[in-house]
Amino acid sequence: MAIFEYVATDPSGNSVDGTFEAADETDARNILAQYNLTPTSLNLQGGAPVQPSAPKMDISNKSAEESAPASKGKKSAKKKKKKSKGSLLDIQIGGGPTNEDISVFTRQMSTLIQAGLPLLRSLEVMIKQQEKKPKFKTMLETVAEKVSSGGTLSDGLAMYPKTFDKLYVNMVKAGEAGGVLDLVLTRLAQFQEKSIRTIKKVKSAMIYPTVIMFVAVSIVTLLMMVVVPQFESIFEQMLRGAPLPGPTQIVVNISDLFSSNPVLVLGGMGGLIAGVVLLKKTKQGAKAFDWLGLHVPVVKDVVSKSNVSRITRTFGTLLSSGVPILQALQITGDTLTNVFFVNAMTNIHNAVRDGESMAVQMDREPVFPTMVTSMVEIGEETGELPDMLTRIADNYDEDVDNAVAGVTSLIEPVMIVFLAVVVGFIVIALFLPIVSIIENLG
């Protein structure tokens, strides 16, 4: 990766500069274009300049504040350059705010705007609260610059697509267009808070099974590498070449493999896990895992209901915020990961675009339950589709919680039984030769 120095203009005509990493000149120009920056100068750091795509800006194009001889104006210009540089570096390096940070920011921005504070003043208040999160602070400073130069809040947020996704930006844009930005931010905060709570519930529910699995693997590894070799030496001395029972021989062979080639065994386990992860990243592999998620009896309810809940809540939030239905369908589809639900949302989008009812196409998609289709049909007929979608999402959120609790309650005894069977088999296999030794001694 090479380091490029750039001078560019943003959509408002302001001059910004900085440095960032890119593979080559084409990659560098693509990165700048991604953030709506038009390069006037693009150089390799410490090397020859790259041919610019536009003539270098004349100093007369700079704002009066930048060209003023006063020291305050110079400091302000330097500060602006630093912020622009920081925003691009943040995007390239990463380590931005968490989902909880974005949720808190959204909730507080909504409260400030509802209290009557101007947008720019609200952003300044939020910037002061981010002293412990310098990267998020730099992002908000750049957004505030965008707003102060005549841009909209959605334009500023769109400069950070990895932090503020399409759902967020489009809802803010709809709130700005309808003059209800505070209401839209409140809905966004509620949406994010519910999503975070659901994710935390699932993670907390999986802690116990994960601990049990870790303990099981640790115990089996300890038995195979420490305990079984000691029994094996005792059997060799006491049996004097007599054959071992079948179960004992299996355990001894596995123990020998662990003891003689621990790197190979651990590498094989790691390779198996890596192979599964890489397989899931392929198109066919991802489709196979998605199919299993919708058909395996233990987890299909969780996967299906969580996807329906996410679709209805996202789509309902977008519609209630004033986003056009086709755009809302497209954004909702972009938030999904299960290929079968993605395809279903694409088909619904195409059907609505062609003038067909949304409920009619949903009824053709096997991933949507009949109850959901019926409630959507009622919502379309009564003109209360956003409220109906929100009710569906609330119902399915409760169903997801119950399904997760059911899966967890089922996994726990299964894991305990699995651990008992494995350890019990090893113990019995080790005691079979001891019984033979005792009989011979008798």
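**Cavity, pocket and core**

Modeller: Happy to. A search of the whole structure, which is a predicted model, finds one cavity of 30 Å³ or more.

Colleague: What volume does the largest cavity have?

Modeller: The largest cavity comes to about 40 Å³.

Colleague: And which residues line the largest cavity?

Modeller: The lining consists of Ile311, Thr312, Phe315, Met345, Ile348, Met358, Met362, Phe368 and Leu389. Two or more of the lining residues come from each of helix 14 (300–320), helix 16 (339–353) and helix 17 (358–364). Helix 14 gives the largest share, with three residues.

Colleague: How many of the residues lining the largest cavity are nonpolar, polar or charged?

Modeller: Eight are nonpolar, one is polar and none is charged.

Colleague: OK, switching to pockets. What is the volume of the largest pocket?

Modeller: The largest pocket has about 1,600 Å³. Its lining counts 48 residues, and those nearest the centre are Thr198, Ile199, Ser306, Arg310 and Thr337.

Colleague: Which helix supplies the largest share of that lining?

Modeller: Helix 9, with 11 residues. Helix 9 spans 181–205, and at least two lining residues each also come from helix 4 (99–114), helix 8 (166–178), helix 13 (283–295), helix 14 and helix 19 (385–441).

Colleague: How does the lining of the largest pocket split by class?

Modeller: The pocket lining has 24 nonpolar, 15 polar and nine charged residues.

Colleague: Let's go to the packing. Which residues touch the most other members of the largest nonpolar core?

Modeller: Phe105, Phe164, Tyr168, Met358, Phe368 and Val376 do, in a core of 60 residues. Met358 and Phe368 are also among the residues that line the largest cavity.

Colleague: Which residues does Tyr168 touch, leaving out those up to four places away in sequence?

Modeller: Tyr168 touches Ile102, Phe105, Thr106, Leu157, Leu185, Leu188 and Gln192. There is also another core, lying apart from the largest one, with 14 residues that include Met224, Val251, Val265 and Ile426.

Colleague: Why would such side chains group like that?

Modeller: As a general point, nonpolar side chains in soluble globular proteins tend to be buried together.

Colleague: Now a couple of single residues. Is Lys146 buried or exposed?

Modeller: Lys146 counts as buried, because its relative accessibility is 7%, and the cut-off for buried is under 20%. Lys146 sits in helix 6 (residues 134–148). From Lys146 to Leu120, 26 residues apart in sequence, the C-alpha atoms are 9.8 Å apart.

Colleague: And Tyr6, where is that one?

Modeller: Tyr6 belongs to strand 1 (residues 2–9). Tyr6 is buried too, with a relative accessible area of 2%. Between the C-alpha atoms of Tyr6 and Arg29 there are 9.8 Å, with 23 residues separating the two along the chain.

Colleague: Let's zoom out. How many helices and strands does the protein chain have?

Modeller: The protein chain has 19 helices and four strands. It contains 442 residues, and 38% of them count as buried.

Colleague: Last one: what share of the contacts with a separation of 6 or more comes from residues 24 or more positions apart?

Modeller: In the protein chain, that share is 59%.

Definitions and conventions:
Residues numbered from 1 in each chain as written. Predicted model: local features only at pLDDT ≥ 70, side-chain atom pairs only at ≥ 80, totals over all residues. Heavy atoms only, no water. Buried < 20%, exposed > 50% of the residue type's maximum accessible area, 1.4 Å probe, protein only. Contact = heavy atoms within 4.5 Å. Core = buried A, V, L, I, M, F, W, Y, C linked by side-chain atoms within 4.5 Å. 1 Å grid on protein atoms, 1.4 Å probe; cavity = no way out; pocket = protein on both sides within 12 Å on 5 of 7 lines; lining within 4 Å. Points joined across faces, edges and corners; volume = space filled by probe spheres on them. Nonpolar A, V, L, I, M, F, W, Y, C, P; charged D, E, K, R; others polar.
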